[in-house]
Amino acid sequence: MNQEQLLDPKRRNRNRAFLVALIVLGMLPLLAAIVTYYGAGDRIAGAQTNSGALLSPPGDFADLELTDSGVPATVEGPRLWRLMLVLGPNCDEACFEQIYQLRQLHLLLGRDNDRVLRVAALPPGFDRAHRAALSEQFPRMELLDAPAELLALAVTGRTLAGGADPAFKTGLPEHGLLVIDPLGNVVMLHSWAQIGPPLLGDLRRLLRLSNIG
């Protein structure tokens, strides 16, 4: 090879391009791994992506002591996921707004909409006028009578795993939302502040992975 060939700009450019291509090809597996981990973390075993707190072990719907017109409530019938709002003695404007947000979230599920039932758990002494307003404004939401301190009853003897809401670090929130699977297992707790994208993300994952309802 003579001096003129060593100094040929075209040849030097081709060699550089070839070297760059080799480097890029060598980095592709690493780039793919990064994209997979951060872009689809919920598919990686052990990656914790839930916004709500997981109950461990899961609770039992029958232990919640809920009643429907005086009759013990059950999960018999169509296998549905239940989003159970735990309300206080009164439901003010902010409370109604959260219930409205839950209805909108339900609609966003699209074709999975009919796999989910919205439920409101009403404590003893719940305001009658508010109960009538709930029945009128949210006719597709089931109303059940609940014991006092329902959230405490639901989580007693269980640990809360994960959950992005700081409320779970300091104790139970005043209100909450329990996610119950079609078999009657109480599997997750969300705070009211999570009724929106956090709850929707958790619910979509559960429905995608579920083969029981």
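The legends below describe close-up views of a predicted model.

**View 1. The largest nonpolar core of the predicted model, with 30 residues.** Within this core, the residues with the most contacts are Leu 85, Leu 87, Ile 99 and Leu 134. At least two core residues come from each of β4 (81-86), α3 (93-108), β5 (116-122), α4 (128-137), β8 (176-180), β9 (185-190) and α7 (197-209), and α3 gives the most, with five residues. Apart from this core lies another, of 24 residues, which includes Val 75, Leu 117, Val 119 and Leu 178.

**View 2. The surroundings of Leu 134.** Once neighbours within four places in sequence are left aside, Leu 134 is in contact with Leu 87, Phe 96, Ile 99, Leu 122, Phe 126, Pro 139, Met 141 and Leu 143. Among these partners, Leu 87 and Ile 99 are, like Leu 134 itself, listed with the residues that have the most contacts inside the largest nonpolar core.

**View 3. Helix α7 and its buried side.** This helix has 13 residues and reaches 18 Å from its first C-alpha to its last, close to the 18 Å expected at 1.5 Å a residue. Its buried residues are Leu 199, Leu 200, Asp 202, Leu 203 and Leu 207; they lie on the same side of α7 because they cover an arc of only 165° around the axis. These buried residues pack against β4, α3, β5, β8 and β9, whereas the face turned away from the buried side carries the exposed residues Pro 197, Arg 208 and Leu 209.

**View 4. The salt bridge between Arg 205 and Asp 202 in helix α7.** The two side chains meet at 3.0 Å, N to O, and their residues are three apart, about one turn of the helix. Asp 202 counts as buried at 3% relative accessibility, while Arg 205 is partly exposed, with a relative accessible area of 21%.

**View 5. The salt bridge between Asp 145 and Arg 131.** With an N to O distance of 2.8 Å, this pair links distant parts of the chain, Asp 145 being in strand β6 (residues 142-145) and Arg 131 in helix α4, 14 residues apart. Both ends are partly exposed, Asp 145 with a relative accessible area of 24% and Arg 131 with one of 28%.

**View 6. The salt bridge between Asp 112 and Arg 115.** A search of the whole structure finds three salt bridges, and in this one the side chains meet at 3.2 Å, N to O. Asp 112 is partly exposed, with a relative accessible area of 22%, whereas Arg 115, at 17% relative accessibility, counts as buried.

Technical notes. Residues numbered from 1 in each chain as written. Predicted model: local features only at pLDDT ≥ 70, side-chain atom pairs only at ≥ 80, totals over all residues. Heavy atoms only, no water. Core = buried A, V, L, I, M, F, W, Y, C linked by side-chain atoms within 4.5 Å. Buried < 20%, exposed > 50% of the residue type's maximum accessible area, 1.4 Å probe, protein only. Helix = DSSP H or I, 4+ residues; strand = E, 2+ residues; numbered from the N terminus. Contact = heavy atoms within 4.5 Å. Expected span 1.5 Å × (residues − 1). Arc of directions from axis to C-beta. Salt bridge = Lys/Arg side-chain N within 4 Å of Asp/Glu carboxyl O.
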